[in-house]
Amino acid sequence: MMAKGEKKRALVTGGAGFIGSHLCERLLLGEGYEVLCVDNLRTGSLENIAHLRDEANFEYVHHDVTEYIDRPGRVDEVYHFASPASPADFERIPIPILKVGALGTYNSLGFAKAKGARFMLASTSEVYGDPLVHPQPEEYWGNVNPIGLRGVYDEAKRYAESITMAYHRHHKVDTRIVRIFNTYGPRMRPDDGRMIPNFIQQALLKEPLTIYGDGSQTRSVQYVDDLVEGVLGLMRSQERRPVNLGNPVEYTVREVAGLILRLTRASSQGEGQSELVYKPLPQDDPMQRCPDITRAREALGWEPRVSAEEGLSRTIEWFAQRHAERHAEWHAERKAQREINRRTV
C-alpha cells in the first residue's frame, strides 16, 4: 500500500528502447513517478535515457528479463515493453525475440504478481499477421504464418497475450494488453529497418528511397507521444481486453515516401538527389495495416492528435540533429588524429 505523499513506482522493461524511453520520460517527468528502467541493451541504448539518469527518482537496471526479475521495495505498475521489434532483427536474433516474448513475459508477470502490481503487455498489430479483415478490430484472430520469417515476432506476441490472460484468469493479476500499430518518432534506431527511419535516413543522405513491392500497400502511422498517452490511459482504465492503439488514417508506402521527401527538401531548402527505387516485397509483409480504434475511443476516450506531417517533421528534425552531431564528432576525431600524427612525425 502507498503511504500518503508517496510517489507511484513503475518498472518498465525495455525502458532504454525507442518506445520504452519515451514511456519512462513521461512517467518520470510528466507524471511524477519513481521509475525503474530495465534493459539489457540488445536493441536499446543508454543514449535514449541519458537525460533521465541524473534524476533522483530514476534508476537504470541492466538486466535480461528472460532471467528472473527481483527488485526490492514496492512496485505499483509493470510495463512489459522489452522486445526487439524491427524486421531487421527477425533473421538476426530470432531466438532472443522468442525468448523475450515467452520467458520475458513469464518473468515480468511473475514479478507483477509478487508485488501485487498492475501489469501491461506491449503487444502489436503483428498479431493480426497479413490481415483478411480491414480495418482490424480486436476481435479478429489474425492470419499469421507461424513458420515464416516474421513468425518469431508474431507468435512471440501472440503467446505473450495468452500467458498474460492466463495470469489474469488463474492468478488474478490485474492485466492490460495494448496492441501497438506502426509508431514512429525520435530515438528510433537508424538501422531499424522499418519504413519511416529508412526513408528519413535515405532522404537526409540524398540517397534513393527504397520501396519494397510496388508501394501500394497501406500503413497507419502513429506518433510516439500519442501512443504514450493511450498507454497511460489504458493502464488507468478498467479495460482488461486487448486495445488497439494506432492512427486509423491510412497512407500507401509511396505516399509516406513522398511526404518525407517533401519535408526533408523543405528543411534543407534544396531538391537533392533522392528518388524512389523498388525492390521485391519481403515474405509475409502485410498488404494492409489499419486499426479499428472504436474500443480505445469508447473505453479510454483516446484518439491520435498529432498529424503525420507534424510528427514526421519532428522526427526528421531529430534525425537531422543526430546526423549533424555524428558528423561533428567524426571531424573532431579526424582533427585529433591529424594532430597526433603531426606530433609523432
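Among contacts in the protein between residues at least 6 apart in sequence, what share joins residues at least 24 apart? After that, please take me into the second largest pocket: which residues lie closest to its centre?

Modeller: Keep in mind that this is a predicted model. The share you ask for is 82%. Those contacts join residues at least 24 apart in sequence.

The protein has 9 helices and 13 strands. Its C-alpha atoms fill a box of roughly 65 × 55 × 35 Å along the principal axes. A compact globule of 345 residues would have a radius of gyration near 20 Å, and the protein has 21 Å, so the two agree. Of the 345 residues, 50% count as buried.

Next, the pocket. The second largest pocket holds about 360 Å³ of space. Its lining is made of 16 residues, and the closest to its centre are Trp141, Glu161, Ser162, Arg179 and Pro242. Helix α4 (151-171) and strand β6 (175-180) each give at least two residues to this lining. The largest share comes from α4, with 5 residues. Sorted by class, the lining has 7 nonpolar, 1 polar and 8 charged residues.

Glu161 sits in helix α4. Is Glu161 buried or exposed? Its relative accessibility is 10%. Buried means under 20%, so Glu161 counts as buried. Leave aside residues up to four places away in sequence, and Glu161 touches Leu121, Ser123, Val127, Ile177, Arg179 and Pro242. Two of these contacts, Arg179 and Pro242, are also among the residues closest to the pocket's centre.

The whole structure has 1 cavity of 30 Å³ or more. About 30 Å³ of space lies in the largest cavity. Its lining includes Leu121, Ala122, Lys157 and Ala160. Leu121 is one of the residues that Glu161 touches. Helix α3 (94-115), strand β5 (118-124) and helix α4 each supply at least two residues of the cavity lining. Here α3 gives the most, with 3 residues. By class, the cavity lining has 5 nonpolar, 4 polar and 1 charged residues.

Tyr68 lies in the loop between β3 (58-62) and β4 (77-80). Its relative accessible area is 65%, so Tyr68 is exposed. Not counting residues up to four places away in sequence, Tyr68 touches His63 and Asn107.

Finish with helix α1. Its 13 residues, 18-30, should span 18 Å at 1.5 Å a residue. The end C-alpha atoms are 17 Å apart, which agrees. Buried residues in α1 include Phe18, Ile19, Cys24, Leu27 and Leu28. After α1 comes Gly32, whose phi is positive, near 75°.

Terms used
Residues are numbered from 1 along each chain as its sequence is written. This is a predicted model: local features need pLDDT of at least 70, side-chain atom pairs count only at pLDDT 80 or more; totals for chains, interfaces and linings use all residues. Side-chain values use heavy atoms; hydrogens and water are left out. On a 1 Å grid over the protein atoms alone, a cavity is a set of points where a 1.4 Å probe fits but cannot get out, and a pocket is an open set with protein on both sides within 12 Å along at least five of seven lines; lining residues have an atom within 4 Å of a point. Grid points are joined across faces, edges and corners, and a volume is the space filled by probe spheres set on the points. Helices (H or I, at least four residues) and strands (E, at least two) are DSSP runs, numbered from the N terminus. Ala, Val, Leu, Ile, Met, Phe, Trp, Tyr, Cys and Pro count as nonpolar, Asp, Glu, Lys and Arg as charged, and the others, Gly among them, as polar. The expected span of a helix is 1.5 Å times one less than its number of residues. Buried means under 20% relative accessible area, exposed over 50%, partly exposed in between (1.4 Å probe, protein chains only). Contact means heavy atoms within 4.5 Å. The radius of gyration is taken over C-alpha atoms; the globule rule is 2.2 Å times the number of residues to the power 0.38.
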